[in-house]
Amino acid sequence: MKVVVLAGGISTERDVSIVSGTMVCKALRERGHRAVLLDVFIGREPEESEDAFPADYDLEADIAYIKSYNGRIEDLKKEKRDFFGPNVLKLCREADIVFLALHGENGENGKVQGAFDLFNIRYTGTGCLGSALSMDKGLSKTILQDGGVPVPGGIVLKKGECSTLLADYDMEFPVVVKPCCGGSSVGVFIVHDQTAYEDAVASAFAYEDEIVVEDYICGREFSVGVVEGKAYPVIEIAPVEGFYDYKNKYSAGAAVETCPAQLTEEQTRRMQAYAEEGSRLLMNEGYSRLDFLMDGEGNIFCLEANTLPGMTPTSLLPQEAKAAGIGFPELCELLIQCSLKKYEKSVE
């Protein structure tokens with residue numbers, strides 16, 4: 001198949017996305033696909049008579065080209081250039097499918113998915129609506145809770161319309177403050193007093209105009225991948241220092257990850273059931289990954305759903321797949337095949 005692996009973009013997770021895209025492109029090439037790596041924002045100017053999906057492909061050259069723009073993204077955004085870079089839509093329409101290796105803003109929030117739906121471009125993962133629901137942590141918490149999946153207690157605050165006193169919301173320290181639609185724990189703060197709370201709220205509002213303040217759950221951290229409605233083995237994440245923030249997620253050795261997690265059979269079944277139901281409630285299609293906390297009393301809380309899980313060397317879904325006997329290239333193939341099924345159904 002001809003595959004565009006779409007990565008990069010303008011979000012705070014651009015660098016991680018490029019690593020995910022690189023890994024996926026290599027894996028799909030190993031599987032015999034004519035995969036190419038493309039930055040959604042930078043695009044590329046094709047040469048005359050160039051084969052867009054060559055049998056012999058210089059991936060390293062495209063990686064270098066994409067990374068050469070890393071220091072210029074903010075300046076390019078100020079120029080108000082189109083989100084879809086030169087020839088991006090053209091190449092994506094020529095592909096048999098687009099493997100979305102985007103993360104964060106305008107990657108997971110449904111906007112790219114909606115545009116691709118309008119252009120009849122086939123892509124991996126969840127559609128426009130499910131992506132938007134899952135990306136909004138305030139809305140997704142409400143949907144999960146109403147559907148019987150436990151979540152931490154909390155509130156959504158709007159910039160310029162909220163109190164600076166936590167007590168006004170009948171909440172007590174410690175709490176977690178985070179942007180509503182962020183990813184990779186960017187802009188997430190655990191605070192224990194009023195001064196730190198006010199600083200965290202101001203910092204979170206620098207990312208977005210809506211933020212979530214929720215009860216801090218002291219306990220163990222887990223994640224569960226769901227592929228075609230079925231949960232993968234549970235993985236436990238134990239950061240060496242602090243919590244599972246951006247640095248600990250993407251730095252080798254910064255966290256101890258155990259898969260399958262050391263849980264009782266009942267705890268494992270319960271968490272996997274919550275993951276499967278959460279994925280269904282949030283209309284996740286094909287595959288996703290849901291994150292959990294478990295307190296000292298064994299209570300499980302769902303934190304969020306990730307509709308485009310990371311595919312880096314330290315990412316969780318590939319580790320869970322490996323524990324299930326599925327290698328990385330095979331996983332990439334599987335994610336394409338399960339994503340194609342929704343298009344087969346639409347033709348019937």
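Is Lys158 buried, exposed or partly exposed, and what is the relative accessibility that Lys158 has? Keep that in mind as you open the model, which is a predicted one. Select Lys158: at 42% relative accessibility, this residue counts as partly exposed.

Glu210 and Lys158 form a salt bridge, with 3.9 Å between the closest N and O atoms. Colour the strands and you will see that Glu210 sits in β7 (residues 210-215) and Lys158 in β4 (residues 154-158), so this pair ties together parts that are 52 residues apart in sequence. Glu210 is partly exposed as well, at 26% relative accessibility.

Next, select Arg31 and Glu333. Their side chains meet in a salt bridge at 3.4 Å, N to O. Arg31 belongs to the loop between α1 (14-30) and β2 (34-39), while Glu333 belongs to helix α12 (residues 328-347), so the contact ties together parts that are 302 residues apart in sequence.

For a local pair, go to helix α3 (residues 73-78), where Lys77 and Glu74 are three residues apart, or about one helical turn. Their side chains meet in a salt bridge of 3.5 Å, N to O. Lys77 has a relative accessible area of 31% and is partly exposed; Glu74, at 47%, is also partly exposed.

Last stop: select Lys141, Lys178 and Glu214 together, and you have a network of salt bridges linking these residues.

Technical notes. Residues numbered from 1 in each chain as written. Predicted model: local features only at pLDDT ≥ 70, side-chain atom pairs only at ≥ 80, totals over all residues. Heavy atoms only, no water. Salt bridge = Lys/Arg side-chain N within 4 Å of Asp/Glu carboxyl O. Helix = DSSP H or I, 4+ residues; strand = E, 2+ residues; numbered from the N terminus. Buried < 20%, exposed > 50% of the residue type's maximum accessible area, 1.4 Å probe, protein only.
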